[in-house]
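Thanks for coming. I have one structure to go through today, and I will keep to what can be read from it. Please look at the sequence and the model first.

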Amino acid sequence: MEKPESAAAADHLYDKSFIQPSMEKFEPDYIEDNKKVGSLSTSLVSNGCVDFRGKVANKETTGGWKASPFIIVNEVAERLAFFAIAVNMVAYLVFEMRQSLPNAATHVTDWIGAAYVLTLFGAFLADAYLGRFKTIIIFSCVYAVGMVLLTVSASVDSLRPPPCTARPCNKATDGQTWFLYAALGLIALGTGGIKPCVSSFGADQFDEADKDELLKKYSFFNWFFFGINIGALLGITLLVYIQDNKGWTWGFGIPTVVMVCSIVILAAGIPKYRYQKPMGSPFTRFIQVIVVSLRNHSRGVEVGGQAAVLYEVKTKESDIVGARKLPHTTQYRFLDKAAVVTDLEDNQKTRWRLCTVTQVEEFKCFVRVLPIWASTIALSISFAQLSTFFISQAALTNRKLGPNFVIPAGSVPLFSAINALILVPIYEKSMVPILRRRTGHHRGITSLQRMGVGLFISIFALASAALVEKKRRDHYPKPFSMSVFWLLPQFFLIGAAEVFTYVGQLEFFYDEATDGTRSISSAMFLSEIGIGSWLSTALVKIIESATGGETNGWLRGTLNKSKLDYFYWILTAINALNFLVYLWVSRRYKGRHGTGISVRDGEEVEY
């Protein structure tokens, strides 16, 4: 079929661009370019990464497992510090700052929520301006400053209420409280900058066009999660034990030193890393697509006819700096109106009047994952209980191991972390090869299926928690009469749910992201944890007010007088409903390569 005359005229106007009557012609060129790239035998990466000198990165001297250990060490240190604070902060607020249990629990979930929602801010800075490595380094320093202030808060007597010698005890003053909150705020900000970048920066060390490196990338995600749990395990065992037996100053001071050391270790890997250059603000590009689509729609522009011409630059790469071109897809055709050339005489290629096909497809990829993102938020409400009510339960159980050792209540989540440490190697080394032979998928099951398994397990985790709490309250009313090992099933199951869901999300959101939205995509699933924490706070407040408040309601200041099992049953019902919604959404999901639930992670087409 020949080009329309108008389209031929446009080739002259857009000397550095091309336009075409439909994007069907774009896909064969795209595939042909991919074949050419795949036939090149070179040691240079094909994903646009550079080394620390700014040259195209060499696979033999940069990236891969030569660089990844430095990144994992930084994440281990950050998780060690974060969990050392998170699992025992309720106790610190109750016993040191004199807050009530429900208030302390909600303040901790609010803080955790803020830390993870701030990942959207960190991701924006990384993708738009700083790049992932600089963002990690800068916010690691912010994190370390917050840790220093937290240690000062715990060690200076004037920054805490005086010891309680008579009832009622003196509560913390506003100044003491705000100093503590300032320290926690800096730690939350540091987490928000580090978390969305570190997994994506690690994945950047592997070239997806290289089959060997592609498989290593998915192994990296599993071992990265393994490292997270190593940090969590050390934080909730060793450091919590130090907090309980040596004092809060030592308990907060040691992770402060570890965090500073991790910054030095991360910097030591600079010559080994592969770096993606920042590509400008993805949110600006998203808004441009929306604005131009609406403008063209109001002008009666249609997509799909012979007269419809979609615009794309003629250069090998897209006009998004450092990003590869994306093929046209037929989903969300309304957004294609942003790339329709409406005035062939107008050569002002401003993106507020005309977007490229790649820019439109980038926004489509973002919109496409939103239903998956929304249908997995509920699980984060259950995860929030790990650092609040699960620990409050553990505090009233018999935690003795032998005559001389008592497990600190804040260390009981180690059951969840140990499960992850055991399950990840078993899954990676045993289950994946078996599933791969049965399904033909290089990861055994898809990332969507893996998330579904985690959501399903979470239903039983909260049901187990409800049953155990009912038994504890009815049959073991005397404190410390029930063994802590009765809590093992709920911790084990929530840990298994996390292994499947968290790693599945890491894989899914990275693979479905485009070159210019890697950090934002990672921040999306991390923000789920924050939103889940806030929803947990809201749910606690709603249940508390609806059932009689702190004195007569389900959730009271004293756990033995509460009806915590009722709260857990509500969470069980939410998880079950959420699982059904997820099944409906995931079965209708179409990946950016046009595939549904059988989407093959890593089949990203190279240019």
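**Notes on one predicted model**

Leu335 is buried, since its relative accessible area is 11% and the cut-off for buried is under 20%. Leu335 sits in the loop between strand 2 and helix 11. What does Leu335 touch, not counting residues up to four places away in sequence? The list is Val289, Ser293, Val360, Phe363 and Lys364. There is also a distance to note: Leu335 and His297 are 38 residues apart in sequence, and their C-alpha atoms are 9.5 Å apart in space.

Tyr332 has a phi near 55 degrees, which is a positive value in a residue other than glycine. Is Tyr332 buried or partly exposed? Tyr332 counts as partly exposed, because its relative accessibility is 30%.

Helix 11 has 18 residues, and from its first C-alpha to its last it reaches 26 Å, close to the 26 Å expected at 1.5 Å a residue. Of those 18 residues, 14 are buried, and helix 11 is mostly covered.

Now the overall picture. The protein has 607 residues, of which 57% count as buried. Its secondary structure comes to 19 helices and four strands. Of the contacts with a separation of 6 or more, 81% are between residues 24 or more positions apart.

Next, the nonpolar cores. In soluble globular proteins, nonpolar side chains tend to be buried together. In this model, the largest nonpolar core has 146 residues. Which residues have the most contacts inside it? They are Ile85, Met89, Trp111, Leu150, Phe567 and Tyr568. Taking Trp111 from that list, and not counting residues up to four places away in sequence, Trp111 touches Phe82, Ile85, Ala86, Leu184, Ile187 and Ala188. A second, separate core has five residues, among them Tyr311, Val313, Val341 and Leu354.

Phe82 comes up again at Thr191. Thr191 is in helix 7 (residues 174–203). Thr191 is buried, because its relative accessible area is 0%. Leaving out residues up to four places away in sequence, Thr191 touches Glu78, Arg79, Phe82, Ala115, Thr119, Tyr143 and Pro196.

Helix 16 (residues 488–511) has 24 residues and reaches 34 Å from its first C-alpha to its last, close to the 34 Å expected at 1.5 Å a residue. Why call helix 16 largely enclosed by the rest of the structure? Because 20 of its 24 residues are buried.

Helix 16 and helix 17 pack at an angle of about 150 degrees, with their axes 8 Å apart. Helix 16 and helix 17 are therefore roughly antiparallel to each other. Helix 16 passes helix 17 in a right-handed crossing. On the helix 16 side, the residues that meet helix 17 are Tyr502, Gln505, Leu506, Phe509, Tyr510 and Asp511. On the helix 17 side, they are Arg518, Ser521, Met524, Phe525, Leu526, Glu528 and Ile529.

One residue from that contact to finish. Ser521 lies in helix 17 (residues 518–546). Ser521 is buried, because its relative accessible area is 6%. Not counting residues up to four places away in sequence, Ser521 touches Phe509, Tyr510 and Ala513.

Note on methods: Residues are numbered from 1 along each chain as its sequence is written. This is a predicted model: local features need pLDDT of at least 70, side-chain atom pairs count only at pLDDT 80 or more; totals for chains, interfaces and linings use all residues. Side-chain values use heavy atoms; hydrogens and water are left out. Helices (H or I, at least four residues) and strands (E, at least two) are DSSP runs, numbered from the N terminus. Buried means under 20% relative accessible area, exposed over 50%, partly exposed in between (1.4 Å probe, protein chains only). Contact means heavy atoms within 4.5 Å. The expected span of a helix is 1.5 Å times one less than its number of residues. A nonpolar core is a set of buried Ala, Val, Leu, Ile, Met, Phe, Trp, Tyr and Cys residues joined through side-chain atoms within 4.5 Å. Axes are lines fitted to C-alpha atoms, for helices over the stretch in contact, and angles run from 0 to 180 degrees between N-to-C directions. Angles under 35 degrees count as roughly parallel, over 145 as roughly antiparallel, 65 to 115 as roughly perpendicular and the rest as oblique. A crossing is left-handed if the near helix is turned anticlockwise from the far one by less than a right angle, and right-handed if clockwise.
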